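Subject: Structure handover

Hi,

Here is the structure we talked about.

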Amino acid sequence: MPSPPPPIRAAIFDLDGTLIDSLGDIAASGNRMLEQLGYPTHPAAAYAQFIGDGVTMLVERALPPDAAADSTAAAEALDLYREIYSNAWADLTIPYPGIPEALTTLATAGTELAVLSNKPHDLTVQCAAHFLPETNFGIVLGQRDGVPKKPDPAGAFEIANKFGLQPNECAYIGDSDVDMHTAKAAGMLAVGVEWGIRGAEELAANGAEVLVADATAMVSALLKR
């Protein structure tokens with residue numbers, strides 16, 4: 001008879017769509033970029049399919065195909081988006097309901113907390129500190145030069161190692177296919193949040209082992225393992 005899995009001792013979170021509702025600021029910044037460059041804009045909901053694979057892919061997906069295929073035009077658009085978003089990342093963004101309280105409950109129970117995002121590292125650190133100031137994350141990692149982005153498990157392994165834990169003692173919690181593939185590749189419990197940008201159907205289809213409808217259910221799922 002196989003041994004039961006170990007308790008979850010670390011919860012590693014995606015950022016956008018999982019801890020914070022940032023789609024409005026991302027969409028507004030993307031559309032400002034497109035307008036300034038003379039390209040058509042998109043409905044805000046379209047950005048739900050653009051995000052998740054880092055800022056470079058976000059911009060390429062937002063651009064018209066001919067501009068995205070032009071390296072000079074794409075680089076110009078990326079620089080402009082970075083400039084716009086760097087001044088607008090906190091205009092509309094807020095934590096999802098119950099998230100600050102859920103993180104406090106997990107920390108009080110002794111669970112290590114971390115963030116692993118494909119958002120640029122400096123902005124990931126800035127957002128975590130600004131929107132969740134009461135949460136003592138042990139580690140916060142965004143996309144960094146020289147480190148493969150999710151779904152490559154490099155960042156997840158780095159966090160587990162820094163906590164001194166085995167991957168199967170960690171959960172990776174996110175809202176997208178990229179997040180579920182990251183969890184599976186790292187050998188971590190794959191927890192999908194239904195309140196995020198992509199939704200339960202995508203999460204289930206891409207390997208979510210646990211689906212949670214709200215922050216309270218997330219805490220229960222993590223603490224009962």
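**Helix H4 and its neighbours**

Val55, Thr56, Leu58 and Val59 in H2 meet Ala74, Ala77, Leu78, Tyr81 and Arg82 in H4. By class, this contact of H2 with H4 divides into 7 nonpolar residues, 1 polar and 1 charged. Before going on: the model is a predicted one.

The geometry of that contact is as follows. The axes of H2 and H4 come within 10 Å. They cross at roughly 115 degrees. H2 and H4 are therefore roughly perpendicular to each other. The crossing of H2 past H4 is right-handed.

H2 spans residues 55-62 and holds Glu60. Is Glu60 buried, exposed or partly exposed? Its relative accessible area is 30%, so Glu60 is partly exposed. In sequence, Glu60 and Ala77 are 17 residues apart. In space, their C-alpha atoms are 8.5 Å apart.

H4 also packs against helix H1 (residues 23-37). Here the angle is about 130 degrees, and the axes are 9 Å apart. H1 and H4 are therefore oblique to each other. H1 passes H4 in a crossing that is right-handed.

Which residues make the contact of H1 with H4? From H1 come Asp25, Ile26, Ser29, Gly30, Arg32, Met33, Gln36 and Leu37. From H4 come Glu76, Ala77, Leu80, Tyr81, Ile84 and Tyr85. By class, the contact of H1 with H4 has 8 nonpolar, 3 polar and 3 charged residues.

Ala77 and Tyr81 of H4 turn up in the contact with H2. Ala77 and Tyr81 also turn up in the contact with H1.

**Aromatic pairs**

A pair of aromatic rings is described by the distance of the centres and the angle of the planes. The count for this model comes to 4 aromatic pairs. The rings of Tyr81 and Tyr85 have centres 5.7 Å apart and planes at 10 degrees. Planes under 30 degrees apart count as stacked, so the pair of Tyr81 and Tyr85 is stacked. Tyr81 and Tyr85 both lie in helix H4 (residues 71-86). They are 4 residues apart, about one turn of the helix. Both Tyr81 and Tyr85 are buried.

Tyr96 and Trp195 form another aromatic pair, and this one is tilted. Centre to centre, the distance is 6.5 Å. The planes are at 50 degrees. The pair links distant parts of the chain, with Tyr96 and Trp195 99 residues apart. Tyr96 is in the loop between strand S3 (94-95) and helix H5 (99-108). Trp195 is in the loop between strand S7 (189-193) and helix H9 (200-205).

Are Tyr96 and Trp195 buried or exposed? Tyr96 has 9% relative accessibility, so Tyr96 counts as buried. Trp195 has 16% relative accessibility, so Trp195 counts as buried too.

**H5 against H10**

H5 packs with helix H10 (residues 215-223) at an angle of about 20 degrees. Their axes are 9 Å apart. That makes H5 roughly parallel to H10. The crossing of H5 and H10 is right-handed.

On the H5 side, the contact is made by Ile99, Ala102, Thr105 and Leu106. On the H10 side, it is made by Ala215, Met218, Val219, Leu222 and Leu223. The contact of H5 with H10 has 8 nonpolar residues, 1 polar and no charged ones.

**Two loop sites**

Leu92 is in the loop between H4 and S3. Is Leu92 buried or exposed? With a relative accessible area of 55%, Leu92 is exposed. Beyond residues up to four places away in sequence, Leu92 touches Asp21, Gly24 and Asp25. Leu92 and Asp21 are 71 residues apart in sequence. Their C-alpha atoms are 8.4 Å apart in space. Asp25 is also one of the H1 residues that meet H4.

The other site is a peptide bond. Most peptide bonds are trans. The bond that joins Lys150 and Pro151 is cis, with omega about 15 degrees. Pro151 is in the loop between strand S5 (139-143) and helix H7 (154-163).

Best wishes

Notes: Residues numbered from 1 in each chain as written. Predicted model: local features only at pLDDT ≥ 70, side-chain atom pairs only at ≥ 80, totals over all residues. Heavy atoms only, no water. Phe/Tyr/Trp six-rings, centres within 6.5 Å; stacked < 30°, edge-to-face > 60°. Buried < 20%, exposed > 50% of the residue type's maximum accessible area, 1.4 Å probe, protein only. Axes fitted to C-alpha atoms, helices over the stretch in contact; angles between N-to-C directions. Parallel < 35°, antiparallel > 145°, perpendicular 65-115°, else oblique. Left-handed = near helix turned anticlockwise from the far one by under 90°. Contact = heavy atoms within 4.5 Å. Nonpolar A, V, L, I, M, F, W, Y, C, P; charged D, E, K, R; others polar.
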